[in-house]
Amino acid sequence: MLSQLVFSALAVCQMPVCQVPVGSWPSFLGVGGSWASPTTATESLPLQWSPNQGIKWQAELAGHGQSSPVAWGDRLFFTSVAGAKKDQYFVSCLSLKDGTQLWQQTVQNGTPVENSLYVSRAAPTPVVDDQQVIAVFESGDCIAFDHSGKVLWRRDLNKSHGPFIAEFGLGASPCQDAERVFVLLEHDGPSHLVALDKQSGELVWEASRSPRRSWASPMLIDVAAEKQIVVSSAGGIDGYEPASGKLLWSFSDIGGNTGTTPLDCGAGKFLVGASPGRQGENATQAATSNCLMQVSREGTNWQATKLWHNTDASPSWASPILHRGLAYWVNRVGVVCCINAATGHTVYQGRSKQSCWATPFAAGDRIYLFGKDGLTTVIAAGETFKILAENRLWPENAPPTDASLQTQESTAERQKAAAMFSGPTVYGYAVVDDQFVIRIGNRVYCIGE
């Protein structure tokens, strides 16, 4: 009944990118699913849970992964990594019903590197459709399995488009349409957006991009009844034609947009999240880059314009969302900034207890904020900041153990930075059949009535 309400449950959201059965979550942030009414979504999703109530099941995952779950029917798919040199990647399939592992496949890393808390660790979220699940790893290994775990094809993108020069690894998740999977390969060397045929893994097209450090993911967005691939990334926003890879438009008056994904707000609009950076290196441009963008056609040409920006807004890794005419940002200390999407004016700022790395989820009268340290705060949708519930996945003083967090960092800088990863982190979720499937590095939780 419920598939994807990440950025809004309003009728302005357009047709899915491929035929997706109700109850599935086929890619990063669930894009491509069916839409349910806000009333139904609110009534059927859980409002409250705790370690002792509302957790239907939990299951251990092999290795450690920063990717989100994807789902098709009654099957959940996860990626993870293990080994001192990230020697092995895993693709796991679990039953939605009870968390039983249905199959697990091991992929040998084609380009081993140090397994550090400071870099990407199976960060890209896979995509799934009615025939296959396609996993993309930060090494450039791209592999497709059918739903029973049989390998369909494999492609080494590092061999064809590398080597990847990336201190922190690649982090962008792929997106898909019915025929192609689109993979963004951005790093300190020559970068690319590539389209692969989903049936064969063969290269359909490639678009060259300038070197940059960014972990933002591409997204398919409806513009004037057409699909465009929008890439918001480290000082630029670009729109591409999915069939050919043709660059349709570019926008350069932007900065600090290195980690969030543009989500379709309807009618060619999308939100951009921009951060000042760890050392404030992007502070000047980021101050005017948390904004609402509009893509439109002028004759035979496309153009992108900034409708408004708001200097109160700032994200962490969570993308901004739009719901019922209000836009929501969550910053690195848990402050929620609610903005009138028509005017760009701040409606309120309210404080939750934890930062969110996962993008908030909007459903009916509720906004779910998945705190990185296991506390999900549910606030009321609307113009008044009101906390409806605070829900823990694990007891406050007893987080789950994860041996893969105990790595030896190579430098003092990395040892200091790794402190933020020293405990379990909520990286992402899926919403399937009125349940939340929440993923930390080595474990998955299913929340439902």
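Strand β3 and strand β4 (residues 88-95) run antiparallel and are joined by eight bridges; two strands are taken to pair if DSSP finds at least two bridges between them, and strands themselves are DSSP runs of E with at least two residues, numbered from the N terminus. Within this pairing, Phe 77 stands opposite Cys 93 of β4. The two strands form a hairpin with five residues between them, and Gly 83 in the turn has a positive phi of about 105°. The structure is a predicted model, in which local features need pLDDT of at least 70 and side-chain atom pairs count only at pLDDT 80 or more, whereas totals for chains, interfaces and linings use all residues. Residues are numbered from 1 along each chain as its sequence is written, and side-chain values use heavy atoms, with hydrogens and water left out.

On its other pairing, β3 meets strand β2 (residues 70-72) in the antiparallel sense over three bridges. Here Ala 71 has Leu 76 of β3 as its bridge partner. A hairpin with two residues between the strands is formed by β2 and β3, and Gly 73 in this turn has a positive phi of about 60°. Strand β3 (residues 75-82) is largely enclosed by the rest of the structure, because seven of its eight residues are buried; buried means under 20% relative accessible area, exposed over 50%, and partly exposed in between, with a 1.4 Å probe and protein chains only. In β4, Cys 93 is likewise counted as buried, at 0% relative accessibility. Cys 265 is buried too, with a relative accessible area of 8%. The structure holds zero disulfides, a disulfide being a pair of cysteine sulfur atoms within 2.5 Å.

Trp 308 belongs to strand β21 (residues 301-309) and counts as buried because its relative accessibility is 8%. Apart from neighbours within four places in sequence, Trp 308 is in contact with residues including Leu 271, Asn 290, Cys 291, Leu 292, Trp 329 and Ile 339, where contact means heavy atoms within 4.5 Å. Ala 341 is also one of the residues in contact with Trp 308, and the Trp 308 side chain reaches the backbone oxygen of Ala 341 at 2.9 Å. The C-alpha atom of Trp 308 is separated by 8.8 Å from that of Thr 288, which lies 20 residues away along the chain.

Several loops contain backbone features of note. Most residues other than glycine have a negative phi, and most peptide bonds are trans. Ala 122, although not a glycine, has a positive phi of about 50°; it is placed in the loop between β5 (101-108) and β6 (127-128) and is buried, at 1% relative accessibility. Arg 324 also has a positive phi, of about 55°, without being a glycine. This arginine lies in the loop between β22 (321-323) and β23 (326-330) and is partly exposed, with a relative accessible area of 39%. The peptide bond from Gly 162 to Pro 163 is cis, with omega near 0°, and Pro 163 is found in the loop between α2 (157-161) and β10 (175-176).

Over the whole protein chain, the secondary structure comes to four helices and 32 strands, helices being DSSP runs of H or I with at least four residues. Of the 449 residues, 62% are buried. Among contacts between residues at least 6 apart in sequence, 56% join residues at least 24 apart. The accessible surface comes to about 16600 Å², of which 49% belongs to carbon and sulfur atoms; accessible areas come from the Shrake-Rupley method with a 1.4 Å probe, and for residues only the protein chains shown count as cover.

Conventions: A polar contact is a pair of N or O atoms within 3.5 Å; within protein, one must be able to donate a hydrogen and the other to accept it, and residues adjacent in sequence count only if both atoms are side-chain atoms.
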